[in-house]
Amino acid sequence: MPLRTNTILVQHGEIYLKGKNRPVFLRCLHHNLKGKLRSLGVTWRVNRPYGYFFVKVPPQDDAGLERVLAALSEVAGVAWYTPAHRIPAHAVRVTSPSPDYELIENRVIELASDTYAPGAAFRVSANRAEKRFPLNSSELEQRLGAAIIENTQWNTVNLKEPDRVFYVNVKPEGIFLYVTRRRGMGGLPVGVTGRVLTLLSGGIDSPVAAYLIARRGCSVDFIHFTADQPQQNQAEGNKVSQIVRELSRITMRSRLYL
């Protein structure tokens, strides 16, 4: 049985550099992540531990998972995100002097078996954010790599250029296992650097400029000048309105002035 995705791990990047203002940026990103899920009609919980976010995925909702993953690519401030399997901290005893190594190994073996590719090479990449976990990153990589070799069809390790990487993140909230990372928009959360009004034409330059300034944390409204005075029902169907509708997926919520 494949190892189930029960979590989406979301990592921010540039926000780390914001010093004493960091809590404000994190609150804004948390608000935007929850707002993005609400716009999809999804009520999954967005958790905000120190340094990252994770979203709990309910069982048997593969269609909802793909919709949420696609939407996360439109949230400024997200460096990368990934579907993952989380082993809760209490189940594995993360802070204990003797964690349940067998449970960790079994889940990693399941993950490796699910993604086996004949002739391919692999490596284990561990990150120990929870320093009370007894093994350091290198020791954990060696132990799990050996378990994969002994219990699966994988038989080649390549530390420099692997075909498959098995990521193991040890955090206070549990252990996160995953094999891919999806690149996010990066930048800063929309809303942390004020609201701007940008000129919008029907061309490509002004929409790109609006995208880039939203990615730097601005809430963006749009103004478009026309030679006539379009009626409301006509304005909703014209090209400029369609551009704003697409950009609003990035800018979260925008107004268009004609």
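**A helix and its setting**

A: Helix H6 is followed by Gly 217, which has a positive phi near 100 degrees. Helices (H or I, at least four residues) and strands (E, at least two) are DSSP runs, numbered from the N terminus. The model is a predicted one, in which local features need pLDDT of at least 70 and side-chain atom pairs count only at pLDDT 80 or more, while totals for chains, interfaces and linings use all residues. Residues are numbered from 1 along each chain as its sequence is written, and side-chain values use heavy atoms, with hydrogens and water left out.

H6 covers residues 205-215, and Ser 206, Pro 207, Ala 210 and Ala 214 are buried in it. Viewed down the axis of H6, these buried residues fall within an arc of 100 degrees, so they line one face of the helix; the arc is that of the directions from the helix axis to the C-beta atoms. Buried here means under 20% relative accessible area, exposed means over 50%, and partly exposed lies in between (1.4 Å probe, protein chains only). The packing partners of the buried H6 residues are strand S9 (195-199), strand S10 (219-223) and helix H8 (239-251).

The chain around this helix has 8 helices and 11 strands. Of its 258 residues, 48% count as buried. Its C-alpha atoms fill a box of roughly 75 × 45 × 35 Å along the principal axes. Among contacts (heavy atoms within 4.5 Å) with a separation of 6 or more, 74% involve residues 24 or more positions apart.

Elsewhere in the structure, a search finds 10 aromatic pairs. Rings of Phe, Tyr and Trp (its six-membered ring) pair if their centres lie within 6.5 Å, and planes under 30 degrees apart count as stacked, over 60 as edge-to-face and the rest as tilted. Phe 122 and Trp 154 have ring centres 5.7 Å apart and planes at 70 degrees, so this pair is edge-to-face. Phe 122 belongs to strand S5 (residues 122-128) and Trp 154 to the loop between helix H5 (137-151) and strand S6 (164-171), so the pair ties together parts 32 residues apart in sequence. For Trp 154 and Phe 166, the ring centres are 5.7 Å apart and the planes are at 90 degrees, so this pair is also edge-to-face. Because Trp 154 is in the loop between H5 and S6 and Phe 166 is in strand S6, the pair ties together parts 12 residues apart in sequence. Both Trp 154 and Phe 166 are buried, and Phe 122 counts as buried at 1% relative accessibility. Together with Tyr 116, the residues Phe 122, Trp 154 and Phe 166 form one aromatic cluster.

Two charged side chains also sit over rings, meaning that NZ of Lys or CZ of Arg is within 6 Å of the ring centre and within 35 degrees of the ring normal. The charged end of Lys 171 sits over the ring of Tyr 52, 4.3 Å from its centre. Arg 181 lies over the face of Trp 80, at 4.2 Å from the ring centre.
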